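Here is a short walk through a structure for a reader new to the subject. Please keep the sequence and the 3D view side by side.

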Amino acid sequence: MAKVLKVADRRRCIGCLSCRQACARLRGEYSIANSAIEVKTSGGYTGEFVINICRGCEEPACMEACKFGALTKRTGGGVVFHKDKCTKCGACGVACAVNAIRFDEEGYPIICTHCGYCTKYCPHRCITTKEVL
Amino acid sequence: MLARDYINVLYIDLEKQEYRYEQRKDLVKYLGGTGLAAKLLDENIKPELDPLDPAQPMIYAIGPLSFVMPVCTKTVATFYSPHTKEYGESHAGGRFAMAMRFAGIDAVVVTGKSAHPQYLLIDDGVQFRDARAMWGLSVEETGKILRQTTHGSGVRSSIRIGRSGENLVTYAGVNVDTYRHFGRLGLGAVMGSKNLKAIVVIGNNTVDIPQELKVKYRKVYDKIYDRVLNTDLMKKYHELGTPVNVIPLNEMHSLPSFNLQKNKIDFAEDVSGEKFAEDNLVRKVACAGCPIGCIHIGQVRREFDAGYEYETINVSYDHELIFALGTFLGIKSTDEILELIDVVESEGLDAISTGVVLGWATEAYKRGYVSLEETLVPFEFGIVQNYIAAVKYISTRKNKFYEDLGKGVVHAAKVYGGSDFACHLGGNEMAGYHTGYGNVVGFAVGSRHSHLDNGGYSIDQSKPKEEDIVKKVYDEELERNILTSLVICLFARKVYTRDIVLEALEGVGINMTNEELTQFAKDIQKLKYQIKQKLGYSLDSIKIPERFFQTKTLNGVLSSEKAHEMVKEYKKMIEELMNE
C-alpha cells in the first residue's frame, strides 16, 4: 500500500516546526534547513502559516525537468531521488510549481519520500498520510 | 556547543563596525543561557560607567538543548539594567534561539554605539545596515519592513525595539518575532542607547547529528516529546493558557487590582481566561521547537470611522498582561485590555512595568500628588482611553512628568511622593500575584527581580510553614539556574525533572552527574551575585513598600518587620554560599 503526504488542515498549524525537526532528525541532522517539509509564516506571525510539501504529483514536473534521470516516478505519486545521477543543476526546483523542493548545503535537492514520519509529531494533525493504492 | 567542544561567541562592535567569532572551550562549563550570559556579562561589563554608556555590553545566549529538545525555546539576555541599576537578565521565546542555533552562534556580545540608527543582519557573517528610516516606527511596522528587506523566511528571527527603547525609557523591552519579548529590566533602552533598532538572525546552517548519538538522541527526544504532549504536565498552558489563573487568584484574594488597593475584584469573570477564550481567542501559535502553542492571540474588531469601517487588532495575551493592563488599572473588559496591550506592544514597552507605573500614577493623581497639568489626562481607574494616551506619552517623553514615569515607579515616587503605594519589589514593578511572603520576599530578593526567579507565588499557594519559606525560595532559584542555563522554557519545568534534564543532556552528548548539576546551580548563583556586588548591589537596600502590608494576601496580612527579617535570612544564605 503506497502512501502520500497530505496537508489536512493548514489553518490549525501553530508553527512549532516539530514536523521540520522530525524530517531533519530522520535525515541525521538537527537543522530544519535540511528538511523536506517547509513551514513558514506568510507576513510574519500575525499572518497564517504556509506548509510547503511535495504534493505527490502523478505527472511530476520535477522529474520531467531532470535531464539526468536522477528523479524517477514513485509508486503512488511523487518521485524517487537517485543521488548518484544528480548533477545539482537545480532544474527540478525551478520546475516544481508548488515550491516544494529545497536544496541542501551541497546543492542536492531534498526530496520527500512520503514516509510520514513528520506527521507523527504534528500536535494538531495538520499533515497526514493518505493511502493511494 | 551542540555537536562541538567549544562555545562560539560572536562579538559585535557597533562603534568600529567590526565583528569576530571566538571559539571558547573555557566557556563550556557555563553550559549556556543564564550561566553563559552571566559569565560573558561579568567579562564585559563596565561597573564604573552608566548602564546606558555605549561601552556596556548586551549579551544574548542559548544553551546546548536549544531547539533540539522539546520546549527548549528561550534565549537569555544579560545587561547592566538601566531600570534597577544592577544585574539585568531577561528571557524571551519566539524563534530567536532556533535562528541563533543554526547560525552557529551560542552567544552574541554587542558593544559600542552606531553613529546613526542601524540594524544587524546576522547570517554567515554580520551586516551593519542603515535603519535611519526605521527610527520612530512601531515594533510591528519595523517587523513588517524587515521581513521584506531580509531573506531567510522560515528560518529567520527578528528582534526590535519601539519608540520607548529609542527614547531610553528604562523599562522598554525588546520584541521578538511579534508575540514574544525580552520584557523586563530595560533591554530595549540598552539597544536604543546603541542606536540599534533591530537584529535579524538567519539560521540556515547544517548541523549533523553525531553518528554515535543518532539512536540515543531520537529516543530521548521522543520520550520528552511524549511527556510534553501526552501528559497533563503542560495542559494548562495549552488550553486557557496562563490566564487560567485569573479566577483562582481572585478567589484566593491574591489578584493585585486598583494599584494593589484590592486583592479581589467583582468583575474577574469578565476578564478571565475563560472570557478571553470565548470572546477574543482566535488562534494559538508556538515558539520554534515547542508543540504546546501557549501563545494565545486575542482579536478585537474596532470601528475607526462611521460607515462600517473596521480595523482588527491581533495581540497575544497572558495572565501578567491581564493583571498589569487590566485588573491593576481597573479595566473591566477583554476588548479594552487588548486595546491597551496593543499600544504597549507598538511602543515596545514592558507590559508589567507600564501597568504598575500607570496604577501608581492614577492613585498619585487621585490623591493630589500630581496635577492634571502634569498628567495631561485625568487618570481614573477603569477608563482605558487615558491609559492609551499615557502609554504614548511615556514612550515619547511628552513632558517632565512622563519622563519621570519613564524611569519607573521608584523614581517617580521619589520625585512626586507616594512611595508607600509604589508597587515595586527590589526596584522592579510587581507581577500579578499577591499571595504572601513567598511572593513578596521571593520577588524582592530574586536575582533579576522577577516572579520567575523562584516562583514565590507558587510556594505561597502550597501554604508552607512561614519558617520554611526563605529556604524554599532559595532552593527554587538554584534549581531554576539549571533550567534557564539550558535554556528550557519554565512552563516545562514539570516536564524537565532532574532525571529528564540529565537524560536530555546525555541525548546531545553531554554527560553530567546529578551532583555536578547541583554544584553548577550554586556556581551560577555565585556568579550572579559577584556581578551584583561589582555593581554595588546589596540585599540591604531592599525596602518593601507599605502597600504590600496593607492589602491582605492569601496568607493573611503580612508584617513588614517579618518580611524584612526574611530578606535578612536570605542574605545570610547568600553570604554562606559566597563563602563556600
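This is a predicted model: local features need pLDDT of at least 70, side-chain atom pairs count only at pLDDT 80 or more; totals for chains, interfaces and linings use all residues.

Residues are numbered from 1 along each chain as its sequence is written, and chains are lettered from A and ligands numbered from 1 in the order in which they are written.

Chain A has 3 helices and 8 strands (DSSP runs numbered from the N terminus: helices are H or I with at least four residues, strands are E with at least two). Along the sequence their order is β-α-β-β-α-β-β-α-β-β-β. The radius of gyration of chain A, taken over C-alpha atoms, is 14 Å, close to the 14 Å from the globule rule for 133 residues, so chain A is as compact as a globular protein of that length. That rule is 2.2 Å times the number of residues to the power 0.38.

Of the 133 residues in chain A, 44% are buried (20 or more other C-beta atoms within 10 Å of a residue's own; exposed means 12 or fewer, partly exposed lies in between, and C-beta atoms are placed from the backbone).

In chain B, helix H19 covers residues 469-485. Its 17 residues should span 24 Å at 1.5 Å a residue, and its end C-alpha atoms are 24 Å apart, which agrees; the expected span is 1.5 Å times one less than the number of residues. H19(B) is mostly covered, with 12 of its 17 residues buried, among them Ile469(B) and Ser485(B).

Asn579(B) belongs to helix H23 (residues 560-579) of chain B. Why does Asn579(B) count as exposed? Asn579(B) is exposed because it has 6 C-beta neighbours inside 10 Å.
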